[in-house]
Amino acid sequence: MPKPPKNIDKIISLLKKEAKNFANPIVTEIGEETRSPFMVLISCLLSLRTQDKTTGPVAKRLFDMAKTPQEIAKVPLKKLQKIIMPVNFYITKSKRMKEISRILVEKYNGKVPDDFDELMKLKGVGKKTAAITMVYGHNKADYIPVDVHVHVLANRLGWVKTKNAEQTMEELMKVVPKKYWYDLNDLFVAHGQNICLTNSPFCSKCKIREYCPRIGVIRSR
Ligand code: SF4
């Protein structure tokens with residue numbers, strides 16, 4: 001394995017302390033204890049290209065009405081669309097959710113497969129959604145889920161030099177020690193949403209600033 005990124009232990013430890021101040025809106029809304037692999041999968045689909053502060057309440061409203069593949073498969077499409085309307089691309093997402101629910105019921109006995117490649121066979125499920133479902137749904141830390149925040153922060157820190165989230169996931173899995181895989185997404189997302197904003201990061205109040213080369217940062221606060 002290549003050398004782990006410089007100061008990774010220190011950076012993770014500082015981000016862990018910091019993360020206690022920031023709630024993850026989706027986890028908070030649907031409850032960490034009660035979430036199932038299916039709820040994680042559906043929340044992730046809802047969250048694509050949508051802000052977490054919008055996704056969280058929508059996911060909660062949806063799961064209050066239906067939270068299993070069997071239940072969502074039975075909800076009329078128009079009703080589903082009305083519930084998830086605040087998220088972007090709600091029409092496409094509602095159709096995907098119905099289709100995925102139907103396939104899970106018919107082919108997987110109503111269960112979400114705990115296999116990355118099987119998950120990727122579901123229409124609308126990409127690497128990020130599959131990785132999040134494996135890690136936070138099935139508690140299998142065999143992947144590092146990467147969204148825009150993880151992608152941007154990993155590049156600013158110089159841990160990777162990549163052009164898109166899929167490349168970042170592959171490269172991070174080469175350099176980050178496995179003990180950090182489970183937490184990395186949560187920690188980087190919390191830091192990215194609150195401090196290391198994609199357009200203009202708050203470097204002046206960043207707890208890991210002394211360890212960050214700020215690669216590619218043009219404007220900061
Ligand atoms: S110093 Fe700036 S660029 Fe680096 S992690 Fe902190 S906020 Fe992000």
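**View 1. Domain 1 and domain 2, with C-alpha centres 25 Å apart.** The chain is divided into domain 1, made of 8–23 + 143–211, and domain 2, made of 25–137; these bounds come from an automatic or database domain assignment. The model is predicted: local features need pLDDT of at least 70 and side-chain atom pairs count only at pLDDT 80 or more, while totals for chains, interfaces and linings use all residues. Residues are numbered from 1 along each chain as its sequence is written.

**View 2. The contact between the two domains.** Here 12 residues of domain 1 are in contact with 10 residues of domain 2, a contact being a pair of residues whose C-beta atoms, placed from the backbone, lie within 7 Å. On the side of domain 1 that touches domain 2, two or more residues each come from α11 (165–175) and α12 (181–194). Helices are DSSP runs of H or I, at least four residues, and strands are runs of E, at least two, numbered from the N terminus. The residues on this side of domain 1 are 8 nonpolar, 2 polar and 2 charged. Nonpolar covers Ala, Val, Leu, Ile, Met, Phe, Trp, Tyr, Cys and Pro; charged covers Asp, Glu, Lys and Arg; the others, Gly among them, are polar.

**View 3. The helices of the chain.** There are 12 helices and 0 strands in the chain. The radius of gyration is 18 Å, close to the 17 Å from the globule rule for 221 residues, so the chain is as compact as a globular protein of that length. This radius is taken over C-alpha atoms, and the rule is 2.2 Å times the number of residues to the power 0.38. The C-alpha trace spans about 55 × 35 × 30 Å along its principal axes.
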